[in-house]
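Below are questions and answers on one structure. Please look over the sequence and the model before reading on.

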Amino acid sequence: MRAFSYNIAFYLAELREGLSIAFHAIRANKMRSILTTLGIVIGIVSVTLMGTAIEGLNRAFNESVGKLGADVLFVQKFPWQGDEDWATLRNRPDIRFEHARAVERNATLASNITTVAGARQPIRYGNKIVESIVVVGTDDEFDDTQNLSLALGRFMSAAEAGGGRPVTVLGSQIAENLFPSENPLGKTVKIGNYSYRVIGVIDKQGNLLGMESLDNRAYVPINRFFREFKSFRGGMDIWVKVADRTQVEDAKEELRGILRKARHLAPKAKDNFAINQQEIIVQLFNAIGGVVAGVGLFITGLSLFVGGIGIMNIMFVSVTERTKEIGIRKAIGAPRRTILMQFLMESAALCLLGGILGIAIAFPLSLIIDTVLPTAMPLSVVVIAILISIVVGIVSGFLPAYRASRLDPVDALRYE
Amino acid sequence: MSTIPVINIKNITKMYTMGDTEVHALAGVSLHINKNEYVAIMGPSGSGKSTLMNILGCLDTPTSGLYEFNSVNVSEMNDNELAKIRNKEIGFVFQTFNLLARSDALHNVELPLIYGGYSSRDRKERAHEALRRVGLEDRMHHKPNELSGGQRQRVAIARALVTHPSIILADEPTGNLDTKTGEEIMGLFEELHSEGNTIILVTHEEYIAEHADRIIRVRDGNVEKDEQVRNRKRLNDNAGVLV
């Protein structure tokens with residue numbers, strides 16, 4: 001016990017001595033320390049900003065893909081991912097109402113089932129026109145599947161959907177463009193060549209994966225959609241919201257069975273439809289995002305590496321300059337380890353300083369990134385940056401420190 | 001022999017290779033130094049005197065031969081073991097003082113205790129005591145460049161004393177001092193000797209060497225003469241307290 005506490009006290013004393021030496025050495029060569037540290041500062045700034053940007057990209061993606069709903073299954077002709085031959089995919093029969101009806105009849109795990117089809121059309125009100133919007137043909141269950149909230153009015157009713165009434169619900173951007181100063185409810189707009197009465201406006205939703213604005217859509221009853229905008233042969237999607245999130249996989253299997261039967265597939269035939277879900281996109285993104293992040297961090301990491309070389313260089317200078325001091329310390333009994341620690345601490349302190357400065361510079365810059373991607377510098381990046389800078393200091397300081405620790409005391413004392 | 005010598009070396013040699021030629025700095029030196037002796041090692045430059053001092057001070061190891069320090073064989077110790085011996089058993093005083101320029105007197109004196117693993121309180125206490133002993137209690141927080149040459153050497157002596165070492169090894173301790181200050185320092189060594197310390201003084205000045213009880217003359221890597229001093233020079237006993 002005594003020996004133990006003696007050792008602790010010894011290491012603490014050694015640590016304090018090392019820190020005070022490091023502090024004095026850095027202060028004594030202010031200009032040199034600052035210039036050397038600059039390499040680390042730049043390295044840490046670029047690495048933290050890259051980390052922040054990647055984090056932001058992930059967040060933006062998750063936010064965006066979240067709009068699809070983790071619990072929604074998309075029954076479509078084509079899969080979102082896969083290596084099947086395009087020719088075979090193209091020859092698949094379309095998804096039709098009868099399939100949707102089969103799902104509606106037989107699905108036990110679904111809470112909402114809706115049919116969806118889309119086409120690009122211009123939309124007009126008076127002399128105002130929006131050239132290209134996405135007209136979405138769907139039914140009254142759509143708003144529940146997507147958890148839409150309405151800014152004005154209401155979504156289409158079952159009667160309107162079933163009867164194919166000429167009513168439409170507008171995305172917020174369309175409503176803004178066509179009705180900058182009017183209440184759109186009850187007004188008649190022209191979608192393509194056909195008139196529709198506006199019954200609702202949806203709250204602002206933003207982008208889906210940064211590509212398509214969800215606010216640039218108009219929703220109409222799907223029956224009418226097929227009559228006016230697209231031939232029936234274009235097919236449709238069936239969107240199924242699973243009642244219980246934990247049963248998504250079971251629901252997928254159930255859905256698959258229903259569709260195979262409805263599409264008269266032989267027991268051994270391959271599926272000629274796809275059941276897509278958010279997870280596929282997430283996986284796809286993670287695979288691509290992982291590579292992008294890896295390459296990005298590697299390239300910015302190079303600048304940190306260059307900074308580390310600068311530290312190593314200056315530490316060699318520092319060791320040479322202080323050869324005499326090392327000789328004195330060795331003469332009065334400093335073991336190798338102590339000398340090694342002393343210089344390691346100096347280079348670690350130098351790099352830590354660079355790391356802290358780097359974060360101080362990177363933080364305001366990350367706020368600029370925040371205007372493009374939804375991010376703030378996460379604490380994890382700060383902590384990792386600090387740790388990395390210490391590690392860089394120790395790694396790049398090791399060779400000079402090792403050389404110092406191996407100096408022969410007689411030669412070192414004689415050095416002028 | 002009744003007493004065990006502090007230093008016992010037998011047939012020590014030291015060889016250096018300089019380019020293609022081998023230089024025998026020491027060609028088989030043997031000697032004992034007992035506790036509380038005051039020994040001067042003398043010799044012209046190139047005599048091997050510095051090499052002998054480095055080996056005695058455990059800063060260097062001999063090429064061959066035996067070196068027993070307090071009956072422990074140190075001739076084959078590794079770097080870290082030697083560092084421990086230097087820390088605990090040997091107090092160095094150098095010609096050029098060799099103080100850490102950026103640290104004050106107190107910290108310079110504390111340094112061996114830091115490497116010796118003493119607690120902070122013990123260190124302060126002992127360092128204060130050592131600085132008091134050399135008459136510098138009012139200069140503790142001065143840095144070396146704020147002290148005179150004599151004061152610097154006193155700090156160095158305090159640093160050598162602070163671990164209560166078995167020997168104090170002084171290499172030309174008055175070489176960088178004027179005569180009067182040099183005499184004061186020699187007076188201090190005399191006092192330390194009379195208090196029971198073992199002192200080894202390396203010098204090439206006859207009048208400095210005459211302060212010792214015994215003079216070992218080295219020439220061409222051999223002990224040329226090893227004799228007791230008959231008319232030992234004595235300074236005023238108060239010299240050490242004079243500033």
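Q: How many bridges join S4(B) to S5(B)?
A: Strands pair if DSSP finds at least two bridges between them. S4(B), residues 64–69, and S5(B) run antiparallel, and the number of bridges joining them is two.

Q: Which strands stand at the edges of the open sheet of four strands in chain B?
A: The order of this sheet is S2-S1-S4-S5, with antiparallel pairing. An edge strand here has a single partner strand, so one side of it is left without a neighbour in the sheet. The edge strands are S2 (21–33) and S5 (72–73) of chain B.

Q: Which residue in S9(B) stands opposite B:Ile41?
A: An open sheet of six strands in chain B has the order S6-S7-S8-S3-S9-S10 and mixed pairing. Within it, S3(B) (residues 38–42) and S9(B) (residues 214–219) run parallel and are joined by four bridges. The residue opposite B:Ile41 is B:Ile216.

Q: Which strands does H5(B) touch where it packs on the sheet?
A: Contact between two residues means that their C-beta atoms, placed from the backbone, lie within 7 Å. H5(B) covers residues 149–161, and its direction makes about 170° with that of S6(B). The strands touched are S6 and S7 (167–171) of chain B.

Q: Are H3(B) and H5(B) roughly parallel or roughly antiparallel to each other?
A: Axes are lines fitted to C-alpha atoms, for helices over the stretch in contact, and angles run from 0 to 180 degrees between N-to-C directions. H3(B) and H5(B) pack at about 30°, with axes 7 Å apart. Angles under 35 degrees count as roughly parallel, over 145 as roughly antiparallel, 65 to 115 as roughly perpendicular and the rest as oblique. H3(B) and H5(B) are therefore roughly parallel.

Q: How does H3(B) lie relative to H4(B), and what is the term for that?
A: The axes of H3(B) and H4(B), residues 120–133, come within 9 Å and cross at roughly 125°. That makes H3(B), relative to H4(B), oblique.

Q: How many charged residues does the contact of H3(B) with H4(B) have?
A: From H3(B), the residues include B:Glu110, and from H4(B) they include B:Arg123 and B:Arg126. Asp, Glu, Lys and Arg count as charged; Ala, Val, Leu, Ile, Met, Phe, Trp, Tyr, Cys and Pro as nonpolar; and the others, Gly among them, as polar. By class the contact has eight nonpolar and no polar residues, and the charged ones number three.

Q: Which element gives the most to the side of chain B that touches chain A?
A: In this interface, 22 residues of chain B are in contact with 21 residues of chain A. H2 (79–89) and H3 (105–116) of chain B each give two or more residues to that side. With six residues, the element that gives the most is H2(B).

Q: Where in chain B does pLDDT stay under 50?
A: pLDDT is the predictor's confidence in each residue, from 0 to 100. Chain B averages 90, and 95% of the residues score at least 70. Where pLDDT is low, the predicted coordinates should not be read in detail. In chain B, pLDDT stays under 50 over residues 237–243.

Notes: Residues numbered from 1 in each chain as written. Chains lettered and ligands numbered in written order. Predicted model: local features only at pLDDT ≥ 70, side-chain atom pairs only at ≥ 80, totals over all residues.
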